[in-house]
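Here is a short report on one structure. Look at the sequence and the 3D view first, then read on.

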Amino acid sequence: MSVLIGGDAGQGVESSGAGLCQAFARGGLQVFAMQDYRSRIRGGHNFYQIRLSERATYSHSSPVHLVLALTAETVPLHMDNIVEGGAVIYPERVKVDEEALKERGVQCFAMPLVAIAEEHGSRIMTNTAALAAAASVCGWPLSYLESVIRDNFQVKGAQVVESNLAVAKAAYDQAQERYAAAFSYKLKPLEAPPRMLINGNQAISLGALAGGCRFMSAYPMTPATSIIEWLSALPRELGVVTKHAEDEIAAVCMAIGASYAGARAMTATSGGGFSLMAEALGLAGMTEVPLVVVEAQRGGPSTGLPTRTEQGDLLFVINASQGEFPRVVLAPGTVEECFEAGWRAFNLAERYQCPVIILSDQFLASSLRSLDKGAIDFSTVSIDRGQLLSAEDVERLEDGYRRFAFSDSGISPRAAPGHPKAVQAISSDEHDEYGHITEEITNRQRMMDKRMRKLAAAAEEMRPPKRYGPQEADLTLVCWGSSYGPCREAVDLLKASGGSANLLHFSDLWPFPEDEAARMLKACRHTVAVEQNYTSQMARLIRMCTGLSVDRTVNKYDGRPFSPEDIVAELR
Amino acid sequence: MVTKMDAKTYDTTVEVTWCAGCGDYAILKALKLALAELGIAPHQVLLVSGIGCGSKLPDYTNANGYMTIHGRPLAVATGAKLANPELHVIVVNGDGDSYGIGCNHFVHTCRRNPDITQIVENNQIYGLTKGQYSPTSDAGFITTTSPDGAIEAAFNPAAIALAAGATFIARAFSGDPKHMAGVIAQGVRHRGYALVDVLQPCVTFNRVNTYAWYRERVYDLAEEEGYDPSDRTAAWHKAQECIPVGVIYQVEGAPVYEDQVRALADGSPVSRLLELARAPALGQYESLKERFV
């Protein structure tokens with residue numbers, strides 16, 4: 001079952017949606033919530049679509065059963081997705097096209113939400129009344145919403161809590177009396193462990209924190225901003241230094257400086273900011289400074305669709321910056337994978353002394369999913385600083401520390417500046433083993449070989465695509481990053497309708513896991529690349545790295561995420 | 001108690017590639033003298049530079065150095081300082097690097113006030129790309145990209161630093177390395193951001209602003225009776241003058257950026273990470289999960 005809350009920006013759609021998610025999650029339901037918002041502070045239609053299920057869900061789903069329309073505009077925009085027997089709850093003052101809804105078999109639940117709010121509290125509690133009405137018609141116990149109200153309004157004082165509770169109770173009772181019997185989609189609480197509601201940005205932040213990230217510099221850019229906000233709000237005792245820099249170039253350079261000094265440092269941005277960071281990415285590559293960059297994609301090119309989703313930066317991220325140097329690109333598909341990528345990226349960056357990019361997008365960054373607390377397992381986190389020399393190691397160094405010493409693996413033992421035996425001057429120019437500038441031919445060749453050998457070593461630990469569904473199938477969906485959820489659910493839908501399908505999901509994108517990918521793709525009967533972009537960048541990457549072509553491509557570039565139903569419809 | 005060091009400590013055998021007579025030699029010498037005077041050992045300092053002739057200076061110094069990319073050394077230096085405030089961080093870059101491509105970082109570093117010293121090798125020309133006008137070239141200055149003479153007004157580093165909130169602003173002349181060393185030492189001693197703008201002839205491409213041209217014009221502010229560098233208004237007037245050298249402005253006790261970062265109160269990211277890698281304290285994160293329930 002899906003519930004949608006629609007309204008103008010500034011009307012509290014997001015906080016109401018999040019509150020409702022909490023109320024359902026606390027009663028044991030699994031939640032997936034997708035946010036759709038515009039690039040403005042006030043006005044314009046926003047919505048929050050909450051999918052509820054007894055089982056874990058990985059994506060939103062197109063059909064909607066209950067709509068909370070805070071504005072008249074919400075109704076025509078979502079009418080096509082409301083199922084027969086579904087309903088729209090709206091304030092009596094909002095004029096909706098009841099005839100059109102009734103023609104489609106959709107029920108109209110007008111409620112005096114503003115009047116209830118004013119009578120029992122104040123007008124700004126209208127959304128509380130709306131949420132209570134929604135819970136009521138679904139048969140969802142009020143107590144869950146009450147607990148959320150207590151927790152969320154606690155900081156505003158007992159009076160605000162009490163008023164909101166009174167408003168909720170009144171709206172709940174009235175909706176029950178007037179409409180509950182007519183609404184046949186019901187929800188029942190389940191016995192379940194307490195679950196978290198977490199989005200991709202938060203999961204990356206938690207992973208990075210656990211992985212030892214203690215420095216983060218960024219410039220605000222949707223949809224990556226909440227990463228630095230989250231880390232900035234941490235208790236001071238955890239010692240995470242964050243810096244809102246003057247621009248993205250400064251942001252990435254500060255992270256490089258911090259990492260060079262010996263901290264685990266990262267930055268986060270979207271495609272536009274990443275474009276500005278491109279030159280510095282090469283600095284980290286050339287001077288072999290570990291660096292983690294989160295790139296949460298949005299619709300491009302240029303300013304594009306600032307608050308919407310796209311997977312248009314894959315080939316850009318793999319190729320950004322002049323010249324050739326090793327880098328690693330990870331594209332987690334779920335919040336669990338975001339958490340893991342958050343700490344794994346630092347291990348890879350330090351092991352191979354190179355930039356590691358976590359490529360996500362607006363859909364993954366800001367969609368909330370319910371997760372058992374145990375799914376974020378800090379005991380799985382390891383901190384591997386690679387060939388970073390300890391003070392004792394440095395003590396044993398001979399005079400004349402060679403920061404870029406030639407080695408079979410290409411990795412040179414790294415010492416942070418600050419020790420008498422590890423004095424080093426390093427350069428973004430081509431340099432010798434000590435870091436001094438040189439254009440000498442043999443050195444250049446050896447230094448390039450040394451750096452690029454690290455890429456071959458990193459390739460060894462890149463993970464092959466993950467299969468979902470049966471080993472063999474008539475149809476194989478091929479996707480990467482955030483498309484995992486909708487594709488996985490599309491596979492389930494196809495199976496339920498008697499089809500034979502599975503999924504190959506790529507999360508380690510560079511160095512591309514060529515051999516395993518080729519082996520798995522060759523075993524497929526019919527492959528379809530499902531990508532949230534125009535030019536099928538994953539399909540092109542596969543062809544470039546394996547010589548194999550996918551049989552068909554499905555693309556979406558309207559800025560809205562694929563739903564499982566969208567994918568199935570495209571395949572028909 | 002500072003133990004002075006021998007300036008030779010910072011010497012290297014790396015071949016210096018600057019033109020004979022270049023003002024950069026004097027800057028290199030003055031920096032070594034200043035570090036020796038302050039007793040800062042090679043491992044205690046981090047020289048961060050950008051790109052350009054002068055930005056090669058760390059290559060010629062026995063000290064930690066990071067030669068980064070054009071215009072960005074202040075940002076890299078800020079990150080390094082925040083990660084390890086124990087390092088003496090000194091930025092060395094040219095006028096194009098600092099006031100042209102890197103100007104955004106320059107202005108924001110002035111108002112941010114980290115404990116970083118910046119030495120700008122200001123020769124009023126782009127030397128490494130062989131002679132184009134720079135932000136500090138005077139109007140009318142003829143170069144390959146300004147064949148009719150530069151149309152823009154020259155950038156005034158001291159005035160802009162003052163307006164942007166810098167807490168230490170000084171000027172030096174590369175014809176007088178001893179004086180420069182004193183000014184640099186004052187800048188490094190200053191708690192907060194310190195700008196040392198060095199007037200430096202480019203003997204190959206700048207035939208106007210020569211050693212002789214400067215010698216006719218520079219005078220030491222320290223010798224001017226009654227000049228008070230803590231007077232912001234007086235500093236503003238001096239910043240417009242041709243050409244006082246020495247400390248133009250200094251305000252002491254202004255809040256230093258890293259001193260105010262709450263997360264640094266119990267240790268730096270570098271020092272804390274060493275502990276973390278030895279014994280990951282992952283249990284302390286468990287309570288954070290409650291924020292999501």
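Five strands of chain A form an open sheet, in the order β16-β18-β17-β20-β21, with mixed pairing. Strands here are DSSP runs of E with at least two residues, helices are runs of H or I with at least four, and both are numbered from the N terminus. Two strands pair if DSSP finds at least two bridges between them. The edge strands are β16 (466-468) and β21 (552-555) of chain A, and each pairs on one side only. From one strand to the next, the twist averages 25°. Angles run from 0 to 180 degrees between N-to-C directions, with axes fitted as lines to C-alpha atoms.

This is a predicted model: local features need pLDDT of at least 70, side-chain atom pairs count only at pLDDT 80 or more, and totals for chains, interfaces and linings use all residues. Residues are numbered from 1 along each chain as its sequence is written, while chains are lettered from A and ligands numbered from 1 in the order in which they are written.

| Strand pair | Bridges | One pair of bridge partners |
|---|---|---|
| β17 (475-480) and β18 (501-506) of chain A | six | A:Thr476 and A:Asn502 |
| β15 of chain A and β2 (64-67) of chain B | three | A:Ser427 and B:Met67 |

Now the two chains. In chain A, 57 residues are in contact with 52 residues of chain B. Contact means that C-beta atoms, placed from the backbone, lie within 7 Å. On the side of chain A that touches chain B, α10(A) gives the most, with ten residues. By class, this side has 34 nonpolar, twelve polar and eleven charged residues. Ala, Val, Leu, Ile, Met, Phe, Trp, Tyr, Cys and Pro count as nonpolar, Asp, Glu, Lys and Arg as charged, and the others, Gly among them, as polar.

Notes. Contact = placed C-beta atoms within 7 Å.
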